[in-house]
Amino acid sequence: MIYIYAYWISTTLLSLLYLTSAGMYVLKTDWVKQQFNELGYPSYLVIPLSFCKALAVCFILSRFNVTLSDFAYAAMTLHLILAFGAHVGIKKSKDALPALIGLLLITVSFTTQNFVRNLPSPNSVGVDEIINLSRGMNHE
């Protein structure tokens, strides 16, 4: 039962993080473009990235295709790692906090998805397997 709560809470918070960000990209485009330039990224990525963020949330929540859902998880993970690295790289570590939180949320969401969704992902190891692996490592 805890996996169900963990999945839906983490997935909802991750979706809100991404949809809020996508909305800000559209509503405050000039400011976001300036921030992208400070981070060393080209500003022309802002609008396509806002579309991709919203689309990724749709793929994960609807899960009409497991492969697309897993691809969205992978793309979000890559995006969050790049965002975290970019903020830390310019010595604005506190601005990296949303990316770090997003990485935590995506980890929980991805590893608990097979307990909740009818169509299991063949790419998700799952919480039980992680626990069993960690127990096996402790005995060595």
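This is a predicted model: local features need pLDDT of at least 70, side-chain atom pairs count only at pLDDT 80 or more; totals for chains, interfaces and linings use all residues.
**Figure 1**
Helix 3 covers residues 46-62 and helix 4 covers residues 66-89; their axes come within 8 Å and cross at roughly 135°. The two helices are therefore oblique to each other. The crossing of helix 3 past helix 4 is left-handed. On the side of helix 3, the contact is made by Leu49, Lys53, Ala56, Val57, Phe59 and Ile60. On the side of helix 4, the partners are Leu68, Ser69, Ala72, Tyr73, Met76 and His79. Sorted by type, the residues of this contact are nine nonpolar, two polar and one charged. Two packed helices are described by the angle between their axes and the distance between the axes.

**Figure 1. Helix 2 against helix 3.**
Helix 2 consists of residues 29-39, and its axis comes within 10 Å of the axis of helix 3, with a crossing angle of roughly 105°. Helix 2 and helix 3 are therefore roughly perpendicular to each other. Helix 2 contributes Thr29, Val32, Lys33 and Phe36 to the contact, and helix 3 contributes Val46, Ile47 and Leu49. By type, the residues of the contact between helix 2 and helix 3 are five nonpolar, one polar and one charged.

**Figure 2. Threonine 11 in helix 1.**
Threonine 11 lies in helix 1, which spans residues 2-27. Its relative accessible area is 1%, so threonine 11 counts as buried. Leaving aside residues up to four places away in sequence, threonine 11 touches Ile60, Leu61, Tyr73 and Ser109.

**Figure 3. Arginine 63 in the loop between helix 3 and helix 4.**
Arginine 63 is placed in the loop that joins helix 3 and helix 4. The phi of arginine 63 is near 50°, a positive value in a residue other than glycine. Most residues other than glycine have a negative phi. Is arginine 63 buried or exposed? With a relative accessibility of 4%, arginine 63 counts as buried, because the cut-off for buried is under 20%.

Lysine 91 is found in the loop between helix 4 and helix 5. Although lysine 91 is not a glycine, its phi is positive, at about 65°. The relative accessible area of lysine 91 is 73%, so this residue is exposed. Aspartate 95 also has its place in the loop between helix 4 and helix 5. At 35% relative accessibility, aspartate 95 counts as partly exposed. Aspartate 95 and phenylalanine 84 are 11 residues apart in sequence, and their C-alpha atoms are 8.3 Å apart in space.

**Figure 4. Proline 122 in the loop between helix 5 and helix 6.**
Proline 122 sits in the loop between helix 5 (97-116) and helix 6 (127-138). Its relative accessible area is 72%, so proline 122 is exposed. Which residues does proline 122 touch, not counting residues up to four places away in sequence? The partners are Val66 and Asp70.

**Figure 5. Cysteine 52 and cysteine 58.**
Cysteine 52 has a relative accessibility of 43% and therefore counts as partly exposed. Cysteine 58 is likewise partly exposed, with a relative accessible area of 46%. A disulfide is a covalent bond between the sulfur atoms of two cysteines. A search of the whole structure finds zero disulfides.

**Figure 6. The protein chain around the close-up views.**
The protein chain has six helices and zero strands. Along the sequence, the pattern is α-α-α-α-α-α. Of the 140 residues in the protein chain, 33% are buried. Among contacts between residues at least 6 apart in sequence, 61% join residues at least 24 apart.

Conventions. Residues are numbered from 1 along each chain as its sequence is written. Side-chain values use heavy atoms; hydrogens and water are left out. Axes are lines fitted to C-alpha atoms, for helices over the stretch in contact, and angles run from 0 to 180 degrees between N-to-C directions. Helices (H or I, at least four residues) and strands (E, at least two) are DSSP runs, numbered from the N terminus. Angles under 35 degrees count as roughly parallel, over 145 as roughly antiparallel, 65 to 115 as roughly perpendicular and the rest as oblique. A crossing is left-handed if the near helix is turned anticlockwise from the far one by less than a right angle, and right-handed if clockwise. Contact means heavy atoms within 4.5 Å. Ala, Val, Leu, Ile, Met, Phe, Trp, Tyr, Cys and Pro count as nonpolar, Asp, Glu, Lys and Arg as charged, and the others, Gly among them, as polar. A disulfide is a pair of cysteine sulfur atoms within 2.5 Å. Buried means under 20% relative accessible area, exposed over 50%, partly exposed in between (1.4 Å probe, protein chains only).
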